[in-house]
Amino acid sequence: KRPIIIDTDPGIDDAVALAFALFSEELEVKLITTVAGNVSCPQVTENTLKLLTFFDKEVLVAKGANQPLVQPQIDASEIHGDSGLAGFEWKEYNRQLLTEVPAAIAIHQAIQQSSEPVTLLALAPLTNIALWLRLFEEDKEKIAELVIMGGATGRGNSGNFSEFNFHADPEAAEIVLNSQLPITLLPLEIGNKARLTSETIKQVKKAGKTGKMLSQLFEHYRGGDIVTGLSMYDSTTLVYLLAPHLVETTPCQMAIELAGQVTRGASSVTFIEESSCQLVTDIQVEEFQQWFLQQVSQCG
Ligand code: BDR
Ligand code: CA
(Lines give C-alpha, C1' and ligand atoms only; values in the text may rest on other atoms or scores of the structure.)
(Ligands and ions follow the chains in the order given, each with its own letter.)
Protein backbone atom coordinates (compact mmCIF):
# COMPACT_ATOMS: atom_id res chain seq x y z
CA LYS A 1 0.00 0.00 0.00
CA ARG A 2 1.13 3.52 -0.78
CA PRO A 3 1.72 5.60 2.38
CA ILE A 4 -0.14 8.90 2.35
CA ILE A 5 -0.57 11.91 4.64
CA ILE A 6 -3.70 14.03 4.16
CA ASP A 7 -3.96 17.71 5.10
CA THR A 8 -7.61 18.75 5.17
CA ASP A 9 -10.37 21.12 6.39
CA PRO A 10 -13.62 19.07 6.32
CA GLY A 11 -15.66 20.43 4.54
CA ILE A 12 -18.19 18.37 2.62
CA ASP A 13 -15.96 17.56 -0.38
CA ASP A 14 -13.09 16.85 2.04
CA ALA A 15 -15.36 14.28 3.73
CA VAL A 16 -15.80 12.51 0.38
CA ALA A 17 -12.06 12.55 -0.33
CA LEU A 18 -11.29 11.19 3.15
CA ALA A 19 -13.80 8.38 2.69
CA PHE A 20 -12.28 7.35 -0.64
CA ALA A 21 -8.72 7.43 0.73
CA LEU A 22 -9.53 5.60 3.96
CA PHE A 23 -11.35 2.76 2.21
CA SER A 24 -8.92 2.45 -0.68
CA GLU A 25 -7.07 -0.86 -1.12
CA GLU A 26 -4.12 1.04 -2.57
CA LEU A 27 -3.54 3.74 0.02
CA GLU A 28 -2.45 3.56 3.62
CA VAL A 29 -3.40 6.77 5.43
CA LYS A 30 -0.61 7.37 7.97
CA LEU A 31 -1.71 10.72 9.33
CA ILE A 32 -4.42 13.33 8.88
CA THR A 33 -3.57 16.96 9.64
CA THR A 34 -6.09 19.75 9.95
CA VAL A 35 -5.94 23.44 9.14
CA ALA A 36 -8.21 26.48 9.23
CA GLY A 37 -10.04 26.69 5.92
CA ASN A 38 -13.69 25.94 5.33
CA VAL A 39 -14.22 26.69 9.03
CA SER A 40 -11.90 27.13 12.05
CA CYS A 41 -9.15 24.66 12.84
CA PRO A 42 -10.71 23.38 16.12
CA GLN A 43 -13.97 22.78 14.20
CA VAL A 44 -12.40 20.96 11.23
CA THR A 45 -10.37 18.88 13.69
CA GLU A 46 -13.58 17.84 15.46
CA ASN A 47 -15.12 17.11 12.05
CA THR A 48 -12.17 14.89 11.12
CA LEU A 49 -12.57 12.92 14.36
CA LYS A 50 -16.31 12.57 13.72
CA LEU A 51 -15.67 11.24 10.24
CA LEU A 52 -13.03 8.76 11.42
CA THR A 53 -15.39 7.52 14.13
CA PHE A 54 -18.21 7.18 11.60
CA PHE A 55 -15.94 5.24 9.23
CA ASP A 56 -14.58 3.18 12.14
CA LYS A 57 -10.99 3.95 11.11
CA GLU A 58 -8.12 4.60 13.49
CA VAL A 59 -5.73 7.14 12.04
CA LEU A 60 -3.63 9.64 13.97
CA VAL A 61 -4.92 13.23 13.68
CA ALA A 62 -2.75 16.32 14.29
CA LYS A 63 -4.13 19.83 14.57
CA GLY A 64 -2.37 22.55 12.60
CA ALA A 65 -2.60 26.27 11.95
CA ASN A 66 -5.69 28.20 13.00
CA GLN A 67 -4.68 31.22 10.91
CA PRO A 68 -3.06 31.68 7.50
CA LEU A 69 0.60 32.78 7.40
CA VAL A 70 -0.05 36.49 6.82
CA GLN A 71 -3.67 37.49 6.25
CA PRO A 72 -6.71 36.88 8.47
CA GLN A 73 -8.76 33.75 7.85
CA ILE A 74 -11.53 33.75 5.26
CA ASP A 75 -13.87 30.80 5.59
CA ALA A 76 -16.34 28.95 3.37
CA SER A 77 -19.11 28.34 5.88
CA GLU A 78 -21.66 29.64 3.39
CA ILE A 79 -20.86 26.57 1.24
CA HIS A 80 -20.32 23.90 3.92
CA GLY A 81 -22.53 25.20 6.74
CA ASP A 82 -21.47 26.79 10.05
CA SER A 83 -20.05 23.51 11.34
CA GLY A 84 -18.33 22.71 8.03
CA LEU A 85 -20.25 19.41 7.85
CA ALA A 86 -23.86 20.51 8.00
CA GLY A 87 -26.73 18.10 7.54
CA PHE A 88 -25.73 15.00 9.49
CA GLU A 89 -26.43 14.07 13.09
CA TRP A 90 -22.93 13.13 14.30
CA LYS A 91 -22.58 10.76 17.25
CA GLU A 92 -19.97 10.73 20.00
CA TYR A 93 -16.50 10.61 18.57
CA ASN A 94 -13.10 9.19 19.45
CA ARG A 95 -10.82 11.95 20.81
CA GLN A 96 -8.04 9.45 21.48
CA LEU A 97 -6.95 9.72 17.85
CA LEU A 98 -5.83 13.33 18.35
CA THR A 99 -2.14 13.86 19.14
CA GLU A 100 -0.79 16.91 21.00
CA VAL A 101 1.96 17.20 18.39
CA PRO A 102 1.30 20.12 15.99
CA ALA A 103 0.63 19.25 12.35
CA ALA A 104 3.95 20.39 10.81
CA ILE A 105 5.93 18.31 13.32
CA ALA A 106 3.59 15.32 13.02
CA ILE A 107 4.09 15.40 9.24
CA HIS A 108 7.86 15.35 9.77
CA GLN A 109 7.61 12.45 12.22
CA ALA A 110 5.36 10.40 9.93
CA ILE A 111 7.74 10.95 7.01
CA GLN A 112 10.76 9.98 9.08
CA GLN A 113 9.02 6.84 10.37
CA SER A 114 8.04 5.66 6.90
CA SER A 115 10.31 3.14 5.21
CA GLU A 116 8.96 4.26 1.82
CA PRO A 117 8.60 7.68 0.21
CA VAL A 118 5.34 9.30 1.29
CA THR A 119 2.61 10.90 -0.83
CA LEU A 120 1.19 14.14 0.55
CA LEU A 121 -2.37 15.07 -0.26
CA ALA A 122 -3.38 18.70 0.37
CA LEU A 123 -7.12 19.48 0.35
CA ALA A 124 -7.11 22.84 2.12
CA PRO A 125 -5.20 26.13 2.41
CA LEU A 126 -1.50 25.23 2.34
CA THR A 127 -0.51 26.79 5.69
CA ASN A 128 0.57 23.53 7.36
CA ILE A 129 2.47 22.31 4.31
CA ALA A 130 4.33 25.64 4.04
CA LEU A 131 5.22 25.57 7.75
CA TRP A 132 6.44 21.98 7.46
CA LEU A 133 8.58 22.90 4.42
CA ARG A 134 10.10 25.86 6.28
CA LEU A 135 10.91 23.68 9.31
CA PHE A 136 11.95 20.40 7.69
CA GLU A 137 13.22 21.04 4.21
CA GLU A 138 15.32 17.88 4.40
CA ASP A 139 12.10 15.80 4.36
CA LYS A 140 11.59 16.72 0.72
CA GLU A 141 13.70 13.84 -0.50
CA LYS A 142 11.30 11.39 1.14
CA ILE A 143 8.23 12.75 -0.66
CA ALA A 144 6.98 10.65 -3.55
CA GLU A 145 4.54 13.29 -4.69
CA LEU A 146 2.48 16.23 -3.44
CA VAL A 147 -1.06 16.26 -4.82
CA ILE A 148 -2.98 19.49 -4.28
CA MET A 149 -6.56 20.56 -4.83
CA GLY A 150 -6.00 24.21 -5.57
CA GLY A 151 -5.75 26.97 -8.10
CA ALA A 152 -7.84 28.04 -11.05
CA THR A 153 -6.86 28.77 -14.61
CA GLY A 154 -9.87 30.96 -15.29
CA ARG A 155 -12.32 32.61 -12.96
CA GLY A 156 -12.30 31.67 -9.31
CA ASN A 157 -14.74 30.65 -6.60
CA SER A 158 -13.35 32.94 -3.89
CA GLY A 159 -12.68 36.34 -5.31
CA ASN A 160 -13.19 36.68 -9.06
CA PHE A 161 -9.89 35.15 -10.07
CA SER A 162 -8.85 32.93 -7.19
CA GLU A 163 -9.68 29.48 -5.98
CA PHE A 164 -10.55 29.20 -2.25
CA ASN A 165 -7.57 27.15 -0.99
CA PHE A 166 -5.06 29.51 -2.60
CA HIS A 167 -7.05 32.66 -1.85
CA ALA A 168 -7.26 31.68 1.83
CA ASP A 169 -3.46 31.59 2.21
CA PRO A 170 -1.67 32.92 -0.89
CA GLU A 171 1.77 33.14 0.79
CA ALA A 172 1.59 29.48 1.79
CA ALA A 173 0.59 28.51 -1.76
CA GLU A 174 3.54 30.45 -3.14
CA ILE A 175 6.00 28.74 -0.75
CA VAL A 176 4.67 25.30 -1.62
CA LEU A 177 4.62 25.91 -5.38
CA ASN A 178 8.23 27.11 -5.22
CA SER A 179 9.37 24.02 -3.31
CA GLN A 180 10.49 22.04 -6.39
CA LEU A 181 8.62 19.03 -5.02
CA PRO A 182 6.92 16.82 -7.62
CA ILE A 183 3.50 18.46 -7.55
CA THR A 184 0.22 17.60 -9.25
CA LEU A 185 -2.47 20.27 -9.16
CA LEU A 186 -6.19 19.57 -9.46
CA PRO A 187 -7.61 23.01 -10.22
CA LEU A 188 -11.13 24.35 -9.84
CA GLU A 189 -11.95 23.66 -13.49
CA ILE A 190 -11.63 19.90 -13.03
CA GLY A 191 -14.11 19.82 -10.15
CA ASN A 192 -16.47 22.03 -12.13
CA LYS A 193 -16.22 19.87 -15.24
CA ALA A 194 -16.84 16.68 -13.27
CA ARG A 195 -19.87 17.92 -11.34
CA LEU A 196 -21.96 15.14 -9.83
CA THR A 197 -25.21 15.00 -11.74
CA SER A 198 -28.53 14.85 -9.89
CA GLU A 199 -28.84 11.25 -11.17
CA THR A 200 -25.50 10.32 -9.57
CA ILE A 201 -26.51 12.07 -6.34
CA LYS A 202 -29.68 9.94 -6.23
CA GLN A 203 -27.58 6.80 -6.58
CA VAL A 204 -25.16 7.94 -3.85
CA LYS A 205 -28.08 7.97 -1.42
CA LYS A 206 -28.65 4.26 -2.02
CA ALA A 207 -24.96 3.31 -1.77
CA GLY A 208 -24.73 2.01 1.81
CA LYS A 209 -24.22 3.76 5.12
CA THR A 210 -21.55 6.16 3.81
CA GLY A 211 -23.61 7.00 0.73
CA LYS A 212 -26.56 7.87 2.92
CA MET A 213 -24.45 10.10 5.18
CA LEU A 214 -22.83 11.85 2.21
CA SER A 215 -26.15 12.47 0.50
CA GLN A 216 -27.39 14.16 3.69
CA LEU A 217 -24.34 16.43 3.59
CA PHE A 218 -24.93 17.09 -0.12
CA GLU A 219 -28.39 18.41 0.71
CA HIS A 220 -26.65 21.17 2.66
CA TYR A 221 -23.75 21.83 0.29
CA ARG A 222 -24.17 25.32 -1.24
CA GLY A 223 -27.44 25.57 0.64
CA GLY A 224 -28.80 22.50 -1.16
CA ASP A 225 -28.67 23.79 -4.73
CA ILE A 226 -28.14 20.65 -6.78
CA VAL A 227 -29.87 21.69 -10.00
CA THR A 228 -26.61 22.32 -11.84
CA GLY A 229 -24.85 19.43 -10.13
CA LEU A 230 -22.31 19.40 -7.30
CA SER A 231 -18.60 20.05 -7.65
CA MET A 232 -16.68 17.61 -5.47
CA TYR A 233 -13.35 19.42 -5.77
CA ASP A 234 -11.29 17.54 -3.19
CA SER A 235 -12.39 14.11 -4.35
CA THR A 236 -10.93 14.78 -7.83
CA THR A 237 -7.47 14.31 -6.27
CA LEU A 238 -8.41 10.70 -5.62
CA VAL A 239 -9.25 10.17 -9.28
CA TYR A 240 -5.73 11.25 -10.11
CA LEU A 241 -4.30 8.92 -7.42
CA LEU A 242 -6.53 5.88 -7.94
CA ALA A 243 -7.77 6.10 -11.55
CA PRO A 244 -5.17 8.23 -13.38
CA HIS A 245 -6.34 6.93 -16.77
CA LEU A 246 -9.40 9.18 -16.33
CA VAL A 247 -7.38 12.41 -16.34
CA GLU A 248 -4.92 14.25 -18.56
CA THR A 249 -1.94 16.16 -17.20
CA THR A 250 0.32 18.87 -18.65
CA PRO A 251 3.64 20.12 -17.20
CA CYS A 252 3.38 23.69 -15.97
CA GLN A 253 4.62 26.42 -13.71
CA MET A 254 2.13 28.05 -11.43
CA ALA A 255 2.72 31.44 -9.80
CA ILE A 256 0.49 33.05 -7.19
CA GLU A 257 -0.49 36.71 -7.22
CA LEU A 258 0.46 38.14 -3.83
CA ALA A 259 0.25 41.86 -4.51
CA GLY A 260 -2.90 42.39 -6.56
CA GLN A 261 -5.65 44.57 -5.09
CA VAL A 262 -8.41 42.53 -6.71
CA THR A 263 -6.48 39.46 -7.86
CA ARG A 264 -4.63 38.41 -4.68
CA GLY A 265 -4.51 34.62 -4.51
CA ALA A 266 -5.06 34.21 -8.24
CA SER A 267 -2.94 31.56 -9.94
CA SER A 268 -1.09 32.20 -13.17
CA VAL A 269 -0.29 29.10 -15.19
CA THR A 270 2.44 28.79 -17.79
CA PHE A 271 2.64 25.57 -19.75
CA ILE A 272 6.23 24.45 -20.31
CA GLU A 273 7.88 21.33 -21.70
CA GLU A 274 9.40 20.06 -18.49
CA SER A 275 8.59 20.86 -14.89
CA SER A 276 8.43 19.26 -11.45
CA CYS A 277 4.83 20.50 -11.43
CA GLN A 278 1.91 19.30 -13.53
CA LEU A 279 -1.65 20.47 -13.91
CA VAL A 280 -4.58 18.15 -14.46
CA THR A 281 -6.13 19.66 -17.58
CA ASP A 282 -8.96 17.26 -18.38
CA ILE A 283 -11.15 14.56 -16.87
CA GLN A 284 -13.50 11.99 -18.42
CA VAL A 285 -16.81 13.15 -17.04
CA GLU A 286 -19.10 10.15 -17.53
CA GLU A 287 -16.48 7.69 -16.34
CA PHE A 288 -15.93 9.92 -13.31
CA GLN A 289 -19.62 9.57 -12.33
CA GLN A 290 -19.33 5.78 -12.51
CA TRP A 291 -16.05 5.76 -10.64
CA PHE A 292 -17.51 8.03 -7.95
CA LEU A 293 -20.43 5.69 -7.31
CA GLN A 294 -18.17 2.68 -7.22
CA GLN A 295 -15.94 4.39 -4.64
CA VAL A 296 -18.88 5.33 -2.42
CA SER A 297 -20.18 1.78 -2.50
CA GLN A 298 -16.78 0.55 -1.24
CA CYS A 299 -16.94 2.84 1.77
CA GLY A 300 -19.17 0.67 3.96
C1 BDR B 1 -11.78 24.04 -2.16
O2 BDR B 1 -12.34 24.98 -1.26
C3 BDR B 1 -13.00 24.32 -0.21
O4 BDR B 1 -14.21 24.95 0.11
C5 BDR B 1 -13.20 22.91 -0.66
O6 BDR B 1 -13.19 22.01 0.45
C7 BDR B 1 -12.04 22.66 -1.58
O8 BDR B 1 -10.90 22.21 -0.88
C9 BDR B 1 -12.40 24.28 -3.53
O10 BDR B 1 -12.07 25.56 -3.98
CA1 CA C 1 -11.06 21.30 1.36
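## Sheet, helices and core of a predicted model

In strand β7, Leu-186 is the bridge partner of Met-149. The structure is a predicted model, in which local features need pLDDT of at least 70 and side-chain atom pairs count only at pLDDT 80 or more, while totals for chains, interfaces and linings use all residues. Residues are numbered from 1 along each chain as its sequence is written. Helices (H or I, at least four residues) and strands (E, at least two) are DSSP runs, numbered from the N terminus.

**The sheet**

Ten strands form an open sheet of mixed pairing, in the order β4-β3-β2-β1-β5-β6-β7-β10-β8-β9; two strands pair if DSSP finds at least two bridges between them. Strands β4 (98-99) and β9 (267-271) stand at the edges with a single partner strand each, so one side of each has no neighbour in the sheet.

| Strand pair | Direction | Bridges |
|---|---|---|
| β1 (residues 2-8) and β2 (residues 27-34) | parallel | seven |
| β6 (residues 143-149) and β7 | parallel | four |
| β7 and β10 (residues 277-283) | parallel | three |

Within these pairs, Pro-3 stands opposite Glu-28 in β2, and Thr-184 stands opposite Gln-278 in β10. Strand β7 (residues 183-186) is covered on both faces: Ile-183 and Leu-185 on one side, and Thr-184 and Leu-186 on the other, are all buried. A residue is buried if 20 or more other C-beta atoms lie within 10 Å of its own, with C-beta atoms placed from the backbone.

**Helix packing**

The axes of helix α4 (residues 103-113) and helix α5 (residues 127-135) come within 8 Å and cross at roughly 65°; axes are lines fitted to C-alpha atoms, for helices over the stretch in contact, and angles run from 0 to 180 degrees between N-to-C directions. Ala-103, Ala-104, Ile-107 and His-108 of α4 meet Asn-128, Leu-131, Trp-132 and Leu-135 of α5, contact requiring C-beta atoms, placed from the backbone, within 7 Å.

**The nonpolar core**

The largest nonpolar core has 94 residues, and those touching the most other members are Ile-6, Ala-15, Ala-21, Ile-107, Ala-122, Ile-129 and Leu-217. Such a core is a set of buried Ala, Val, Leu, Ile, Met, Phe, Trp, Tyr and Cys residues joined through C-beta atoms within 7 Å. Helix α1 (residues 12-22) gives the most to this core, namely nine residues. Beyond its neighbours within four places in sequence, Ala-21 is in contact with Ile-4, Ile-6, Leu-27, Val-29 and Leu-238.

Note on methods
Chains lettered and ligands numbered in written order. Buried ≥ 20, exposed ≤ 12 C-beta atoms within 10 Å, placed from the backbone. Contact = placed C-beta atoms within 7 Å.
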